[in-house]
Amino acid sequence: MADWQALNAAATIPHCIVQLEPSGVLANFRRAAGEETGGHQGMVFADSDLYKVIEAVAWEIARTGTRRFDLWLDEVIALIGRAQEPSGYLHTWTQLRQPEKKWAEMEWTHELYVLGHLIQAAVALDRAAGRSDLLEIAQRFADLVWDEFGPDGRDGICGHPEIETALVELHRHTGDDRYLILAGRMIDLRGHGLLPVGLLGAKYFQDHTPVRESDSAAGHAVRQLYLNAGATDVYLETGDASLLTAMDAQWDSVHDRKMYLSGAFGAHHKDEGFGEDYELPSDRAYAETCATIADLHWAWRMLLAGGSAGPAAYASVMEREVHNALAASIDATGTRFFYANPLQQRPDKVSEDAAPRERAPWYPCACCPPNIARAVAQFGAYVASSTADTLWLHQLAGAEIDLPAHLGTGVLRVATGYPLTAGIELVVDGAPAPGAILAVRIPEWSAGSLLVAPDGEHAVDADGYARAPLVAGGRYRLDLDLTPRLIRAHHRVDALRGTLALQRGPVVYCVEQADLPAGPAVDDLILLPDEGIGSNADGTLTLTCTVASEEPLYTANGEAVHTSASPVTAVPFATWGNRAPGAMRVWLPAHWWETRQIADGQLFAEIARPNKPKEAQ
Ligand SMILES: [Zn+2]
């Protein structure tokens with residue numbers, strides 16, 4: 001994960017900065033400032049591309065203290081300031097296209113969405129670099145929104161949620177209660193038909209049901225998940241239990257019935273939206289990168305809020321997302337990106353706008369690339385947390401974690417090659433407070449692993465964490481079971497019936513055409529799971545498959561004919577498409593389906609059967 005953050009700093013963030021010029025994002029600000037002629041370029045929310053890149057830079061400053069972006073920050077923040085109107089209003093599309101119609105078409109103009117990203121960037125920069133110039137710009141705009149839509153203003157919400165969580169963060173950062181009140185109003189007002197219905201219906205922007213009564217994820221996936229993050233944030237500051245109750249139900253809907261195995265969301269291209277329960281097609285998965293990032297935001301807030309699923313469930317989902325859907329969205333150079341992240345690529349796939357055959361360096365709708373940059377730069381914030389007497393380690397990643405003052409002084413150092421390797425070593429360098437406890441998450445697929453601590457071995461508790469006293473100089477070790485596992489989907493997922501997927505630790509695997517010898521097509525492979533799964537030192541797996549022979553589209557009776565068994569290499573889904581474009585699939589048809597039964601009850605169940613690991617190859 002540290003390597004990924006270094007790549008983000010060295011390649012992804014600079015790449016995003018460069019793209020802001022040819023995409024017209026910076027020109028829009030210059031034009032709004034009256035410094036250049038011309039109309040608005042790009043999407044209605046293009047301003048947010050710049051704000052997300054600034055936020056990525058801010059988190060990178062927080063991570064490393066780098067000063068290499070200072071000059072760029074000076075330039076773009078000054079430009080943003082010049083584009084802002086004296087009233088505080090700042091939305092270059094409206095300023096350049098229809099300045100007389102501010103707040104008039106909020107179902108699609110994204111004015112508050114864009115402000116949300118401005119606020120998040122500004123708060124991050126003030127926290128990371130002690131730099132308040134962007135914060136002053138953001139607050140001027142937020143204050144204008146308070147006058148317009150606060151308790152003494154009119155009722156109005158943005159078509160795309162995002163402002164809610166940003167306003168709560170602005171409240172936390174400044175101590176100004178108005179921003180929390182405004183965030184609460186945005187939550188309270190949604191679901192009452194304030195937005196024109198339009199072609200995609202009120203569900204598209206979650207305006208069909210009040211937030212507190214909405215127990216099923218619906219509509220545009222990114223919008224639903226940002227909204228949920230905002231509602232959870234409002235709960236965290238107000239203690240309004242009705243919000244947490246609704247979010248618990250939403251959590252179950254999203255993660256028990258509508259999540260892809262990779263930690264992606266959105267089964268429909270048409271509205272970039274959630275499907276019905278268990279509607280999870282692999283090839284037509286929309287699975288937008290931003291939806292996974294939005295869910296990271298929400299999952300972390302549910303963890304802090306003490307939602308009913310429990311902290312291990314939230315941390316586990318985040319781990320699934322980071323190592324799979326999010327990791328797959330970017331290539332090995334850090335400069336090419338997927339927008340949609342399907343779990344199957346057909347060999348004759350035709351590129352679509354948001355779903356090209358290969359990762360692209362940028363998109364006309366460029367919400368995802370800078371969102372990846374800011375998410376990766378702030379991974380560190382998701383690794384650990386603390387309560388009165390406990391330091392919680394949620395993510396098993398190499399890290400140096402400063403002990404919070406109430407738990408003593410010093411650093412907890414975590415060293416690991418996970419998820420490629422199984423061992424995690426922890427050392428306390430400093431003086432923990434007497435009675436301090438270390439709680440380490442043990443993933444559910446390795447529940448038998450023990451936390452080896454100075455005072456002995458500790459098994460996992462019912463909440464998914466193993467606990468040991470946090471002591472000065474203490475050395476701890478955890479060895480996880482990385483035996484590859486076969487995964488099958490709930491029987492209602494028609495698109496996955498008769499198929500199996502492979503996971504090793506949190507990593508989901510796929511088979512790519514690029515790994516097959518000339519001849520067989522990846523879509524003709526039939527997995528023979530009884531032959532065992534070999535786990536190789538480079539992180540690949542070796543499966544045994546047969547190849548189905550050519551046959552008519554429909555056949556009455558008769559067995560399909562397969563060739564003899566052959567070894568096939570599977571690679572982490574996150575790495576697919578790095579060598580050549582071509583067919584890929586996560587879920588493989590399996591040959592033994594009818595004879596195997598396990599208990600239902602969850603979306604993705606692990607097959608209870610012994611693996612037969614082969615020698616590393
Ligand atoms: Zn996106």
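Q: In what sense do strand β8 and β9 pair, and over how many bridges?
A: This is a predicted model. Strands are said to pair if DSSP finds at least two bridges between them. Strand β8 (residues 451-453) and β9 pair in the antiparallel sense, over three bridges. Within that pair, Ala453 stands opposite Gly456 in β9.

Q: Which sheet holds these strands, and in what order?
A: Read a sheet by its strand order. Here six strands form an open sheet, β4-β5-β6-β11-β8-β9, with antiparallel pairing. The edges are β4 and β9 (456-458). Each has a single partner strand, so one side of each lacks a neighbour in the sheet. On average, neighbouring strands of this sheet are turned by 20 degrees against each other, direction ignored.

Q: What do β4 and β5 form, and how many residues are between them?
A: They form a hairpin, with five residues between the strands. Pairing of β4 with strand β5 (residues 408-416) is antiparallel, over four bridges. One partner to look up is that of Ile401: Leu412 in β5.

Q: Which side chains of strand β4 point to which face?
A: Buried means under 20% relative accessible area. In β4 (residues 399-402) the side chains alternate. Ala399 and Ile401 point to one face and are buried.

Q: What is the strand order of the open sheet of four strands?
A: The order is β2-β3-β7-β10, and the pairing is mixed. The edge strands, β2 (384-386) and β10 (465-469), each pair on one side only. Neighbouring strands of this sheet are turned by 20 degrees against each other on average, direction ignored. Now take one pair. Strand β7 (residues 437-441) and β10 are antiparallel, with five bridges. Ala439 stands opposite Arg467 in β10.

Q: Which strands does α14 lie across?
A: Helix α14 lies across β3 (390-393), β7 and β10. To β7, α14 runs at about 50 degrees.

Q: At what angle do the axes of helix α13 and helix α14 cross?
A: Take the angle and the distance together. The axes of α13 (residues 289-305) and α14 (residues 311-328) cross at roughly 160 degrees and come within 9 Å. Angles over 145 degrees count as roughly antiparallel. The two helices, α13 and α14, are therefore roughly antiparallel to each other. The crossing of α13 past α14 is left-handed.

Q: Which residues of α13 and α14 meet?
A: The α13 side includes Ile293, Leu296, Trp300 and Leu303. The α14 side includes Tyr314, Val317, Met318 and Val322. By class, this contact has 14 nonpolar, two polar and two charged residues.

Q: Why is helix α15 largely enclosed by the rest of the structure?
A: Count the buried residues. In α15 (residues 368-377), ten of the ten residues are buried, so the helix is largely enclosed by the rest of the structure. Arg374 and Asn371 are among the buried residues. What covers them? The cover of the buried residues of α15 includes α1 (2-19), α3 (47-64), α7 (111-129), α11 (221-238), α13 and α14.

Q: Where does His591 lie?
A: His591 lies in the loop between β20 (588-589) and β21 (604-606). Accessibility comes next. His591 counts as partly exposed because its relative accessibility is 42%.

Q: Which residues does His591 touch, not counting residues up to four places away in sequence?
A: His591 touches Ile526, Leu527, Leu528, Pro529 and His562. For a distance across the chain, take Ser316. Its C-alpha atom and that of His591 are separated by 30 Å, at 275 residues apart along the chain.

Note on methods: Residues are numbered from 1 along each chain as its sequence is written. This is a predicted model: local features need pLDDT of at least 70, side-chain atom pairs count only at pLDDT 80 or more; totals for chains, interfaces and linings use all residues. Side-chain values use heavy atoms; hydrogens and water are left out. Axes are lines fitted to C-alpha atoms, for helices over the stretch in contact, and angles run from 0 to 180 degrees between N-to-C directions. Angles under 35 degrees count as roughly parallel, over 145 as roughly antiparallel, 65 to 115 as roughly perpendicular and the rest as oblique. A crossing is left-handed if the near helix is turned anticlockwise from the far one by less than a right angle, and right-handed if clockwise. Contact means heavy atoms within 4.5 Å. Ala, Val, Leu, Ile, Met, Phe, Trp, Tyr, Cys and Pro count as nonpolar, Asp, Glu, Lys and Arg as charged, and the others, Gly among them, as polar. Buried means under 20% relative accessible area, exposed over 50%, partly exposed in between (1.4 Å probe, protein chains only).
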